[in-house]
Amino acid sequence: RGRRGDGARYACGTLAPRRAGRKARSHSPIGTLRRMSRTGDLLGAAAIGAALLIRASQTRRIRRRCESGADAARQRFTPDRDSRIRIVQPIRSGDPRLRETLTDTLTEHGTKAGRVVEWLIDADDQLAADTIESILLQHDLGDCVVVLTMPAAPDGVNPKTWKLAKRLQALDADNTDVFLVLDDDTRLSEAGLRALIRELDAGAMIATAFPRYERRGPLPSRLLADWVNGQAPTTYLGLPGPARSVNGMCYAIRTRDLIRLGGFSGIQHLVVDDLAMCEIVRSAGGRIAQTTQPLTIGTDVRSFLQLASILHRWMVFAQLNIRRGDAAERWLAIRQLVAPQLLFAGGLATAGHLAFHNRSRFSLVAAVLGITARAALIRANASVTRTLDSERAFASAVMEIAALPAAATATINPAITWRARRYRIGRDATMTAQPSTSDR
């Protein structure tokens, strides 16, 4: 009995309190917060690392494709002597650099043999007509360009594809000319044009290029250029598999193929003509060729409100592209484009919160290394695509994160403003005109 009493006193007086103390300390609020902080550190770093691994694989693809494009560019350029290159620019006034861009197209391509430049303007666009007249008077190159006036597009019809459809209707079905669509704010170099024609001669049904924005003007305009120039190589050259999209700013296709596919008449009511053209070509079994020569686009963004409007518009188009793709394409876009952005932004947000609120040095180092590594990958992409100055890589990485709220607003409100006109975009890519507001 004595031993049992001693054992009871030993258990009650010595061991039980110590065990209870250890148990209390292990479940204290401070200990729980510390474990949560360590878990947050690891989760934030893991999200950043996963995003960077996806981006690194894209950088390798970009480098390989640019090297292949450089090898093709060194080959002798021998265009078909029996066909011309018809450079068609649908024009709508409103771009402050319209005169500069049109002059560049005329002097770069209008004077060369085997090419014809065609400018399509609306009958009610007097400003565009006056701009063209002054260009022709100044440079005395009236014989190098054809100016065609079209009736204004009705409501609910894309003004660009409306003019293109009217022009295509006047061409013969057996026409072997190259029909090259070029936006009125876009400049195409000689090397870029040759790359497009070379792809058509190699068997592609349609060939396209990718954008490079000029970095000049007010700060919002320069920030937009940083964002586009950092994202474009990944979007157009970094995805696995064959090209799946067409850049509507510039693409080339044989006139006979374009007519055989139905032309632009069936897609005039769609706001994204490049997506519609891509779907038509792919449904016909045609190959899309993505060249590695960048286009040069000039823009003039004068306020951060206008910058937000442009980002919102592009995010509406991007989400529309994802929704209209098949299951495999949607999964590819989510895996290669959406997931790395969300992982990177979420990892940085977690690491930043822990670094400043919990004084976590690990999270601070992870955040700094993550943004530095992302800027390094953007710099590596720019070194082979010639789209971005190396010193702007960090700004491009920051803009990549800053543009994410535009994706949220595009989901909630799929309405856009384009050159002083307001459109609501339907899930089927149709456009409905709304009361106009000022954008550009």
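We will take the sheet, then a helix pair, then a salt bridge.

Modeller: This is a predicted model, in which local features need pLDDT of at least 70 and side-chain atom pairs count only at pLDDT 80 or more, while totals for chains, interfaces and linings use all residues. Residues are numbered from 1 along each chain as its sequence is written, and side-chain values use heavy atoms, with hydrogens and water left out.

Colleague: What is the order of the strands in the open sheet?
Modeller: Strands of a sheet pair through backbone hydrogen bonds, either parallel or antiparallel. Here 8 strands run β3-β2-β1-β4-β7-β6-β8-β5, with mixed pairing. Strands are DSSP runs of E, at least two residues, and helices are runs of H or I, at least four, numbered from the N terminus; two strands pair if DSSP finds at least two bridges between them. At the edges, β3 (145-150) and β5 (186-187) each pair on one side only. Strands β1 (residues 85-90) and β2 (residues 115-122) run parallel, joined by 6 bridges.

Colleague: At what angle do helix α12 and helix α13 pack?
Modeller: Axes are lines fitted to C-alpha atoms over the stretch in contact, with angles from 0 to 180 degrees between N-to-C directions. Helix α12 (residues 361-385) meets helix α13 (residues 393-402) at about 115°, their axes 8 Å apart. That makes α12 roughly perpendicular to α13 (65 to 115 degrees).

Colleague: Which residue forms a salt bridge with D125?
Modeller: A salt bridge is a side-chain nitrogen of Lys or Arg within 4 Å of a carboxyl oxygen of Asp or Glu. D125 pairs with R92, the closest N and O atoms being 3.9 Å apart. D125 lies in the loop between β2 and α4 (126-139) and R92 in the loop between β1 and α3 (98-110), so the pair ties together parts 33 residues apart in sequence.

Key. Angles under 35 degrees count as roughly parallel, over 145 as roughly antiparallel, 65 to 115 as roughly perpendicular and the rest as oblique.
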